Amino acid sequence: MIVRVLVILFWLPLQAAAQGFAGLGTDAEGFAVPTPDPVFDFPEDHGAHPDYRIEWWYLTANLTGPDGTAYGVQWTLFRSALAPETREGWSDPQVWFAHAAVTTPEQHFITERVARGGVGQAGVSVQPFEAWIDDWQMAGPSLDNLTLTARGGDFAYDLSLKANGPLVFHGDNGFSVKSVQGQASYYYSQPFYEVAGTLTLPQGDIPVTGTAWMDREWSSQPLAETQSGWDWFSLSFDTGDKLMGFLLREDDGASFSSATWIAADGTTTAYRNGAFAAQPRVWSEVAGREVPTEWVVQLPDKGIDVTVAALNPNAWMALSIPYWEGPVTVNGSHGGRGYLEMTGYE
Amino acid sequence: MVLTVQNVTKSFPGAEGDVPVLRGVSLSLDRGETLALTGESGSGKSTLLHLIGGLDRVDSGSITVGGREITTMNDADRAALRRSDVGVIFQQFNLIPSLTVEANIAFQARLAGAFDADHAVRLSKALGLSEHLTKYPEALSGGQQQRVAIARTLTARPKLVLADEPTGNLDEATASEVLGQMLRLVRETGAALLMVTHSSSVARRMERHVHLSQGHVV
Amino acid sequence: MIWTALTALLSHWRSNRLQFFAMVAGLALATALWSGVQAINAEARASYDAAAATLGEGQFDQLLPRSGDRIDQSTYIALRRAGWQVSPVLEGRLSTEDGRVRLVGLDPLTAPGTIAPVGMQEAANLDDFLTRGVLFAAPDVAEALAAAVPQRVITDTSVAPGVALTDIGVAQTLLDAEAKFSRLIIAPAQPMGLSDLAEVAPNLVRQPAQDAGAGRLTDSFHLNLTAFGLLSFAVGIFIVHGTISLAFEQRRSMVRTIRALGVPLKVLIGLMISELILFALVAGGIGVALGYVIAAVLLPNVAATLQGLYGASVAGTLQLRPEWWLSGLAIAVLGTGFAASGALWKIAQMPLLASARPRAWAVASGETARRLGVVAALLFATGIALAIWGQGLTLAFALLACLLIGAALILPLLLRSAVTLADRKVRSAMWQWFWADTRQQVPGMSLALMALLLATAANVGVSTMVSSFRVTFVDFLDQRLAPELFVRIENPDQSADIEVILLSEAREVLPLLSVETDISAVPTELFGVRVGPTYRENWLFLDDDGGVWDRVEAGRAVVVSEQLARRAGLWIGDPVTIAPALILPIAAIVADYGNPLGQAIISEPLFRDLYPDTVPTSFGIRTDDPSALRLALTEKHGLPESGITDQSRIKAFSLGVFERTFTVTGALNVLTLAVAAFAILMSLLTLASIRVPQLAPAWALGLTRRRLGQLELLRAVVLAMVTTVLAIPLGLMLAWVLLSYVNVEAFGWKLPLYLFPGHYALLTLFALLAAALAALWPALRLARTPPSALLKVFANDR
C-alpha cells in the first residue's frame, strides 16, 4: 500500500512546482524512519504519528444496492508533515487532506478537502476513535465499530462499519519493504469490515450493504527515486480469502512487487518481490491518457490466476493529485471483488 | 511523315462574327525536311504554326505529329508532345529571365527528362554561346538570345522544330548568320523544320516553300 | 519535369530579391498584425480570468460579523465542521517607522481559487508561509515592514500599495487578534445538504459578492480589441492580395514560356499553389513571431490595465498560446489562398498565346468598378436591413462587415467619379493627361487604397469609440464615485451614531438611502439624497429641463435613470408615480451604465417621509485626505476596516485603464497604417513595371522624368486623400455601429458618440504621410528611369 505513500510524495513535489512547496526532498531529514520488527501499541497507533512525514487512513468499500448494482466507495484522510512536530494553532506543520469518491458502473463522483492541523479543522483522536476533516469523519467507539461520512457538491454517503476479523500486518509483521534499496513503511490493514448504510447520489438515496477494507500506513521515505508509479490491488475472494498485492513500476520497465495472502481466518502469508505478478490486459482511454483497466493477476503459490476488471474504467480521481482508483470484479481461478489503485499514468 | 496537316480550318471571333483564318490547309513534312511557310500579314501562317505546336485547337481537320493525331489530344498530352517531340522557336526569344543561359539551354530537355550534357555543350559551342553560359539573358544581345532559344530547342532533340519568324527581331547580318547556324544544326540532328517567315530570302534557303494566302495553300 | 519547372518558377525570386522580400514581409506584416492582436486579446482574457481569481475580495460572497468587527475562530471551525467551505481573512493595521501598513492574513489551504499572493507561486514556499511566517508586501511598505516584524518580508509588486499579505496565523499574532478573524470568504462551490448559516453561525451576516462594474468595462475593452482584430485582418488580406498579384503579374510571361515548352497547366498551377503554401507558412511563421514581439511590447500595457483594475494580477508574461500561433499560420495560408485565387484563376484562364505583357488596366475597369458598386449597394442594403430588423451580437458584427466590405467595394467607383470630376475642371493638357492617367491607375491601386480606407476607417472608428467611452466613463465616475470614501455599516441601529461621527470628521456626508420598489412597473431602486455641492457639481444629465437639484431638494421633482425612462416610456416633464400619494415630474434623465435596475432619485426628507423605517446603512464621505480620514475612522472611532471603501483609489485605477487602453489602440493605429502604407508601396511597384509604356509617350511629348516622378507622388497623395476623406465618415459610421449596436447587443446600453475632429485631422495627416512615404520610392525610381528604358517602349511596340 505503498501506493498511498506515493500519492503524497507525488503530491508534494507537484505542489512544490505548482504552488511553492519546497524543501520536501525525498530524504527523511529530521523525520523518524520505519525500522524492522515494529511493536505496535493500540489504540495509540491508530492515531497520528507526527514525527513521520506521511500517513493515511484509507478506506475502500465494495457495496451492493437493493437492485444488485455494484458500488464502490473511497474515503481517505492523508496527513502530510512539513516538519516532524506538532504546534498549537495555525503554525502547526501538519497538513491534512482527504479524498472521497463514489463509483457506480456509469458514474464516478469525487471531491477533496484540505486543512491545517492545530486549529481543530482536521485530525485523528484514538479514544474514542475519530478521524475527521471538516464535516467528513470516520468515528466510533473503536476501530472495529465505525461510522463513515463524507459529502461533495453532488454526492454524500453515511455508512456504518463493523469488523468481524483481526487486524492484518503486511510485510514483516507490519514492516513493509517498498524497494530493493530498502525503503519501507509501517503498514497494517483491517480488511474484514461489514458495511451497511446509504449513498446519496443525484438520482436519490440508495441503501447499500457490502464489505470494506481499511489500510493504515505511515512512513517518511518510502520510495526509491527510480520508481515512477504503482498498481495496487486489494481483492476479496468468494472463498473468504483476501489478497493485497502491489507493483512498484521502475523507470526502466522493471517492477518491485509485494503481496500478503490473508486467509479467511485472518492468518497471513507475506510474499517478497516476485511472487506476485500482475499484467495489464486491456487499456482504456481515461481522462486523455491510456490506463490499464483490466489485469491478469497471479499468485501461483496460492493457485491464484484471475482477471481483475474495473467496474467503471472512468474512475479517474481528477483532484490535486490525479490518479485512478475504483472498484474491480475478479474472475478466473477465483471469483470476487476488490479495489484497484493506479498512479503514474501521465 | 513527321508531320501531316489535312484540311485544317480555324476561325477567330471578330467584331462581326467569326473570321475564318485557315480555310482547309493541308501539307506534310518528312524527316530532315525544311519548309518555309510564307504569306502576307493575316494569312494565317502563325496560326497554323500554333495549331501544329498544339498551342491552339483546330476547328476541323487533322494534324499528326510523329504519326500521332494531336487534334484529339487533351492539354496534358499536347504538353507532353511539346516537351519531347516538338520544339518551338518564337520571334520573341521567350527565355526565362531569371535562369542563366546554361539553365535556359538545358530547360526544355530537363522538362522532357532527356537532358544530354554533351549534346548541350556541342550545341552551345556550335552557336558560339560557350562564354556566355553563366550570364543571364538580359546581358545578351538579341542575336545571342535567339541562339540560346535555338540551343534550348535543339538540346531536347525534337522530331519537329517549329520556328515563328525566328530572325524577325534581328538585323539582317545577324539574322542571316543565326539562320545559317540554325539550318545546319537542324540538319545535323535530323529534325524536320517548319519556319514561318515573311522574308523571301529566308524562304529561299529552305528545301520546300509553301505560300499561304486567304487561308489557303497556293 | 516538376522539379525543373519549380526551379524556373523559384528562380524568379532569386533575381527579384526585393520583390521576394516584399511578398514575405507583406504576408508577415499582415499575419503579425493579426496574431499580435489575437495574442493581446488572448493574453488579456487570460490575465483577466487570473486577476478575477486572484482578486478574491468582492468576487466571493463573504460572512461579516453582525456586530463588532471580529469573528471567533470557533465560529469558523464550527462552520467548517458543518461542511461550509469558508476561508478566514484577518485585516488590520500595523505600525512601522514610516507609517501604517494594512496587513491582510489569509489561509492559502482553504482560500477559494488562487487568492494567495502571486509572489508565492515563485519566490517563497508554502512551508515557510504556513509555519514560519512570510509577509508579501507592496514595494512602498516592504522596507519599513521588514524593520518592524520578525518575519521574512518579500517584496511583491502585485500586492496593492500600502498592503502586506501573510498567513492567517501570522496575522493573528502580529495584529494581536489571537483566534479572531475579520471576515470569512464563502467558496462558490459548496457540498450538498448544508445546514442553514443562521443555525451554525447566527452572529454572522452574509454579504453578497460585489459586482465590480469594472468587469463590464473590461469586456468592452476586449470587444474593442476583437473589432480591431477583425479590421486588421481585413487590411492584412488586402496587402497579401497586393503582393501576390504583383508576383503573378510579373511571371505571366514566364508562365507562358514554360507552358509553351510543354508543362501542362494543371501541373503549373499545382506548383504555384505549393510554392504559395510554402511561402505562406514561412511568412506566417515570421509574422507570428513578429506578432509575439508586438504583443510583448504592447502587453505590459494590457497586463497593467487589468492589474490597475484589480490592484492585483498575474505577471505580464506572454505565453505562446497554440490557439493564436496556429490561427496566425492559418490566417497566412488562408489569406494567401484567398488573395491568390484570383491571380491563379487569371493564369488558368490566360490563353497560351495571349500577349504575355500585362494588359492595359483600364480596359475592363469601368465595368468592374460599376459591378463592384452594385455589390456594394447590395451590401449596404443588407446592412440597413440588419440595422433595422436584426438582433444579436453576431448580426451586429454582420452589419459591421456589410458596412466595411461595401465601403471597400464602392471605393473604385467613387475614386473614378472623383477623378472624372477633377478631369472636367482642368484645362491644361498636362493636367488632363494627369487625371486621365490617374483614372487608368485606379483599378491597379484599388486594393491598396481599400486597405488604406479600411485602416483609416478602423482607426477613426475605434478611437472614436474608445474616446467616447472614456469621456462618458470619466463623467460617470466623477458623478458616482465623487465621495472619496464610502462607509458601510452592518447594524442599522448604529446609523444615527455613525452619521454624527462622520459629520464631525468630514466635509460633506451623503447618506445613502434606498429601497427597491416598482415604478411604472419597472423594478427600480428609489434613492433619497441629501442635495448638496456634490450632486450639484458632479452630476451630468442626458437630458433635463433646468433647476434640477433645486426642484429635487424642494421635493418637487424626480431624477430617473435612462433605463427606467426608456422602459417606462417616460421622458422629461412626464409625471411619475413614486408612491401611492406621490406623483412628481421628471426633471432630468441620468445615465446609469450597466445597471439592470431602474433608478429614481428624490430628496432625503421626502424619502424619510415615505419610508420612515429605512435608515442609511451606507454613507458617501467627501474629504480632502481620504487616507487620514480612513485612519481617523478606524483608529479613533473603531469603525471596521472592511466597512470602508476607498473610492478615490477605485476611480484612479479605472481612469488609468483608459489611459492604457489609449496607448494600446494608439500603437495598433500606427501598425495598421504601416500595413496599409506597405500595401500602397506594393501596388505602386506592381504598377511601375507596367507603367513605362504609359509614361513613355508623355515623356516623349516633353514631360521631364523629374516632373513625371513628382506627378506620380502627387497622384498617390491625391488618391490617398480622396480615400481618407471617405474613410472618416466610414469610421464614424463604424463607431456608431460599435456604440449603438454592438455595445447594446453585448452589454445592453448605448454609449453617446463624441466627435474628435482634431484627432481625425491628425489621422488624415498620418494616412497621407503613409501614402506619400510609400509612393516616394517608386516615384524616385521613375524619375531615374534611364531614357533607354523609355525608348525601348517604342522599339518594342508591335
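Which strands and which helix of chain C do the buried residues of H20(C) pack against?

Residues are numbered from 1 along each chain as its sequence is written, and chains are lettered from A and ligands numbered from 1 in the order in which they are written.

The predictor assigns the complex an ipTM of 0.89 and a pTM of 0.53. For chain C the mean pLDDT, the predictor's confidence in each residue from 0 to 100, is 77, with 78% of residues at 70 or more. Residues 50–57 of chain C have a pLDDT below 50. Where pLDDT is low, the predicted coordinates should not be read in detail.

Let me return to the opening question. Helix H20 of chain C covers residues 626–636, and Leu629(C), Arg630(C) and Leu633(C) are buried in it. Helices (H or I, at least four residues) and strands (E, at least two) are DSSP runs, numbered from the N terminus. A residue is buried if 20 or more other C-beta atoms, placed from the backbone, lie within 10 Å of its own, exposed if 12 or fewer, and partly exposed in between. Seen down the helix axis, the directions to the C-beta atoms of the buried residues of H20(C) fall within an arc of 100°, so these residues line one face. They pack against strand E11 (485–488), helix H15 (495–505), strand E19 (618–622) and strand E20 (644–646) of chain C; contact requires C-beta atoms, placed from the backbone, within 7 Å. On the face turned away, H20(C) carries the exposed residues Ala628(C), Glu635(C) and Lys636(C). Just after the helix, Gly638(C) has a positive phi of about 70°.

I turn now to the contact between chains C and B. Chain C contributes 19 residues and chain B 21 residues. On the side of chain C, helices H1 (2–15), H9 (252–260) and H10 (265–310) each give two or more residues, and H1(C) supplies the largest share, seven residues.

Finally, chain B itself has seven helices and ten strands. Of its 218 residues, 51% count as buried. In chain B, residues 24 or more positions apart account for 72% of the contacts with a separation of 6 or more.

Notes
Predicted model: local features only at pLDDT ≥ 70, side-chain atom pairs only at ≥ 80, totals over all residues. Contact = placed C-beta atoms within 7 Å.
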